[in-house]
Amino acid sequence: MRKLTFTLYAWGSTLLFGVFIYWIATIPNLQAGDKVTDELIKVVYRMTLYAIFFILFYRSIIITLKNTVQRLSSWRSKREKAEDAEFVLIIETLVVIITILATTLFAIFEEYTQSIIPGRQADLKDVLVSIMAILLSAIVVYSIPVIGELEMAIKHKIERERKEAKKKKKKKK
């Protein structure tokens, strides 16, 4: 049950962030200032939003895999860890590719939505900026595989503490 809750938390935060991006795309006549300032803010905004969205999406897939595939969540020995290193690398590569495709499709859909909103217009440049942010995030995530690791470590620590607390309660009885 705790694994399901943790997985739902990961996907829920990703979904909420996606809804937030989509909601901003549906605001009519959204501008931040004059033309130069507006363009600069739009580029920084898109880069930041899509970098965060990529990381959240990637984290959700990794957490789901680690919660459902026991072999990915923890190793029982150093030898087993060495044997599985190649498998884990393949899985992480596939997850990065899937995340790139999914977030890119979302960026295209979000930009298309802007084309039907009054006072907004779709721009290929905005999609390219989003894709650039996604690809830069993918490079960082792939080269520094710590996304999701911290949350998984915290989850395992909490589970250990709960088990220890239960053991102490049983000993007191």
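Is Asp126 buried or exposed? Asp126 is buried, because its relative accessible area of 3% is under the 20% cut-off. Keep in mind that this is a predicted model.

**Around Asp126**

Asp126 sits in helix α5, where Val127, Val129, Ser130, Ala133, Ile134, Ser137, Ala138 and Val141 are buried too. The helix runs over residues 124-143, and at 1.5 Å a residue its 20 residues should span 28 Å; the end C-alpha atoms lie 29 Å apart, which agrees.

**Salt bridges**

The whole structure holds four salt bridges.

| Pair | Closest N to O distance |
|---|---|
| Lys42 and Asp126 | 3.5 Å |
| Lys125 and Asp126 | 3.5 Å |

Lys42 belongs to helix α2 (residues 35-68) and Asp126 to helix α5, so their bridge ties together parts that are 84 residues apart in sequence. Together, Lys42, Lys125 and Asp126 are linked in a network of salt bridges. While Asp126 is buried, Lys42 is partly exposed, with a relative accessible area of 25%, and Lys125 is partly exposed at 32%.

Glu111 is in helix α4 and Arg46 in helix α2, so to speak distant parts of the chain, 65 residues apart. Both Glu111 and Arg46 are buried.

Helix α4 covers residues 78-115 and includes Ile98. With 47% relative accessibility, Ile98 counts as partly exposed.

Definitions and conventions: Residues numbered from 1 in each chain as written. Predicted model: local features only at pLDDT ≥ 70, side-chain atom pairs only at ≥ 80, totals over all residues. Heavy atoms only, no water. Helix = DSSP H or I, 4+ residues; strand = E, 2+ residues; numbered from the N terminus. Expected span 1.5 Å × (residues − 1). Buried < 20%, exposed > 50% of the residue type's maximum accessible area, 1.4 Å probe, protein only. Salt bridge = Lys/Arg side-chain N within 4 Å of Asp/Glu carboxyl O.
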